[in-house]
Amino acid sequence: METSLVLVESFGACKAEGEEKEKAIESAQETLAFLEKEVEGKEVFGGERIGYLDLATGWILLWLNAMEEVGETKLLEAEKFPFLYLYKWSQNFMDDPLIREAIPPQESVVEYFKFIFGYLRSLDLNQQEMKNMGLFWQ
């Protein structure tokens, strides 16, 4: 499974509203469960030292925290992920001084997703209004 699928599913779940949200959350949690299984029992994906896979996936949880906040969604619930391997991995990853120095402040990421979600939701609303008026076809 590609790490980009984890982000796409998580983004969709946090952006979704209404009836779509529960289905999207379940789908996102399935992709997160894949990552959870991969890091089980390890400090980082490589075992003891941060490696390529950690660098390739590390930013996902930074974004995920912001998306959860903005989308008022909780994807990494203790009920679904009782051993918290993914959470522990993210803490180990973020505790590295070089990583900490390189990541943007969480507030900046939250503001970014507020803008993105607001914009995309307005597009969805406009598209629905156009359909209702008979001005939109697929």
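**Figure 1. Confidence along the predicted protein chain.** In this predicted model, confidence in the protein chain is lowest in helix H1 (residues 3-15), at a mean of 83, and highest in helix H5 (residues 97-102), at 92. These values are pLDDT, the predictor's confidence in each residue, from 0 to 100. The average pLDDT of the protein chain is 85, and 94% of the residues score at least 70. Where pLDDT is low, the predicted coordinates should not be read in detail. Residues are numbered from 1 along each chain as its sequence is written, and side-chain values use heavy atoms, with hydrogens and water left out. Because the model is predicted, local features need pLDDT of at least 70 and side-chain atom pairs count only at pLDDT 80 or more, whereas totals for chains, interfaces and linings use all residues.

**Figure 2. The helices of the protein chain.** The protein chain contains six helices and zero strands. Helices (H or I, at least four residues) and strands (E, at least two) are DSSP runs, numbered from the N terminus. The C-alpha trace spans about 60 × 30 × 25 Å along its principal axes. Among contacts (heavy atoms within 4.5 Å) with a separation of 6 or more, 74% join residues 24 or more positions apart.

**Figure 3. The largest nonpolar core.** A nonpolar core is a set of buried Ala, Val, Leu, Ile, Met, Phe, Trp, Tyr and Cys residues joined through side-chain atoms within 4.5 Å. The largest such core has 33 residues, of which Leu32, Leu75, Leu86 and Trp89 touch the most other members. Two or more residues each come from H1, helix H2 (19-39), helix H3 (52-70), helix H4 (85-94) and helix H6 (106-132). H3 gives the largest share, seven residues. In soluble globular proteins, nonpolar side chains tend to be buried together.

**Figure 4. The surroundings of Trp89.** Not counting residues up to four places away in sequence, Trp89 touches Val39, Glu43, Val44, Phe45, Asp54, Thr57, Gly58 and Leu61.

**Figure 5. Ala16 between two helices.** Ala16 lies in the loop between H1 and H2. Ala16 counts as buried because its relative accessibility is 8%; buried means under 20% relative accessible area, exposed over 50%, and partly exposed in between (1.4 Å probe, protein chains only). Ala16 touches Lys21, Ala24 and Arg121, not counting residues up to four places away in sequence. Ala16 and Gly71 are 55 residues apart in sequence, and their C-alpha atoms are 7.9 Å apart in space.
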